[in-house]
Amino acid sequence: MIIVGLGTAAPLQRYTQVECWDAVQETRQFEDLTPRSRAILRNILTGNNGITARHLALENLDQAFDLTPDALQARFATHAPLLATQAAERALADAGVGPDAIDALIISTCTGYLCPGLTSYVGERLQLRSDALGLDLVGQGCGAALPNLRTAAALLAAGHAQRVLSICVEVCSAAFYLDNDPGVLISACLFGDGAGAAVLSNEPNGHRRVKWKTSGSLLNPGDRDLLRFEQKQGMLRNILAPQVPGLAAEQAARVLDQVLMRAQLGQADLRGWVLHPGGRDVLTAVSARLGLQDVDVRWSRAILDEYGNLSSPSVFFVLQAALGDSVPGGYWWMASFGAGFSGHGALLQVEES
């Protein structure tokens, strides 16, 4: 499988963390928080936590605190199809193909629910063929991009499709929740909105070639309750435990070791790193566990700084940033991790530009 086109999209509205701090202090919900919780918000939003700004599907920050199930669902239903379509259009343009060339559409999300799923709405907007396969994947959290891409690889390998359009989209502002739990407070300060898309084929085009060589995943249900969504008062509430950075680092290392062993390669053979920027502490833990330098994770840190944690689309943004930089060709490693607790990795082979 070859990634022949790549596209990303985020809302035009950009809010700095300091602006978010100013806005939250004016809300009714802020008055209900304990002094400790207010201090947590202040420290995260005004401190050096690796995020300068986030792009959110909000006309103004006041909208973020309209915390009703109907308002949040309407936000997802409005903006998820829009962002997914924008990213897909850019990926198609990058690949130099039209919508008629797409045989299958796979969309992953975890921040909202539609039935029929997003493939119905996005396929209609893109004017895909009516016989194109639509597959909606939900509930895989931040790690979803790689399982999505592995599914596309299986369709291509089996000869069931010539080109697959893979999309991850999250409207994290539609899963906003606020209470005195530290994990909930951190989540409210961490996540942004966006979408990433890739056109995948077994045949190369004229662009720099990114070949999907092999991949692997690990799932540990015993740690499932440390990172997940729950339903509370009709809304999604994020569970984010302090152990998550360490879990992410351990899963990332185990998947890397297994895939490299299978490919008969060593870590020294890798020239580029495309890591999910789950947060400052996550990147620090993963870097330390894998023995990486700051230069190795510079694209992940740059995306985190400008967009926050975009959940499942994040690795599309990081890959796009890396491909736009002067990175040497050769073997690259892409990794994501998230709800489950799950870890995923893929070995890519990138041609010199």
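The structure is a predicted model. Helix 11 (residues 314-323) is mostly covered, and helix 11 also gives the most residues to the lining of the largest cavity. A search of the whole structure finds 11 salt bridges, some of which are described below.

- The largest cavity is lined by Ile3, Leu6, Leu149, Ala198, Val315, Phe316, Leu319 and Met334.
- Helix 11 supplies 3 residues of this lining, while strand 1 (2-9) is also a part that supplies at least two.
- By type, the lining of the largest cavity has 8 nonpolar residues, no polar ones and no charged ones.

**Helix 1**

- In helix 1 (residues 17-24), the buried residues are Gln17, Cys20, Trp21, Ala23 and Val24.
- Viewed down the axis of helix 1, the buried residues fall within an arc of 165°, so they line one face of the helix.
- The cover over the buried residues of helix 1 includes strand 2 (14-16), helix 2 (28-32), helix 3 (35-46), strand 3 (53-55) and helix 7 (182-190).

**Salt bridges**

- Arg237 and Asp179 form a salt bridge in which the closest N and O atoms are 2.7 Å apart.
- Arg237 lies in strand 10 (residues 235-240) and Asp179 in the loop between strand 6 (163-170) and helix 7, so this pair ties together parts that are 58 residues apart in sequence.
- Arg237 and Asp179 are both buried.
- Another salt bridge joins the side chains of Arg209 and Glu351, at 3.4 Å from N to O.
- Arg209 lies in the loop between strand 7 (194-201) and strand 8 (210-219), and Glu351 in the segment after strand 13 (342-350), so the pair ties together parts that are 142 residues apart in sequence.
- Arg209 is partly exposed, with a relative accessible area of 31%, and Glu351 is partly exposed, with a relative accessible area of 37%.
- Arg228 forms a salt bridge with Asp225, where the closest N and O atoms are 3.1 Å apart.
- Arg228 is partly exposed at 30% relative accessible area, whereas Asp225 counts as exposed at 52% relative accessibility.

Definitions and conventions: Residues are numbered from 1 along each chain as its sequence is written. This is a predicted model: local features need pLDDT of at least 70, side-chain atom pairs count only at pLDDT 80 or more; totals for chains, interfaces and linings use all residues. Side-chain values use heavy atoms; hydrogens and water are left out. Buried means under 20% relative accessible area, exposed over 50%, partly exposed in between (1.4 Å probe, protein chains only). Helices (H or I, at least four residues) and strands (E, at least two) are DSSP runs, numbered from the N terminus. On a 1 Å grid over the protein atoms alone, a cavity is a set of points where a 1.4 Å probe fits but cannot get out, and a pocket is an open set with protein on both sides within 12 Å along at least five of seven lines; lining residues have an atom within 4 Å of a point. Ala, Val, Leu, Ile, Met, Phe, Trp, Tyr, Cys and Pro count as nonpolar, Asp, Glu, Lys and Arg as charged, and the others, Gly among them, as polar. The arc is that of the directions from the helix axis to the C-beta atoms. Contact means heavy atoms within 4.5 Å. A salt bridge is a side-chain nitrogen of Lys or Arg within 4 Å of a carboxyl oxygen of Asp or Glu.
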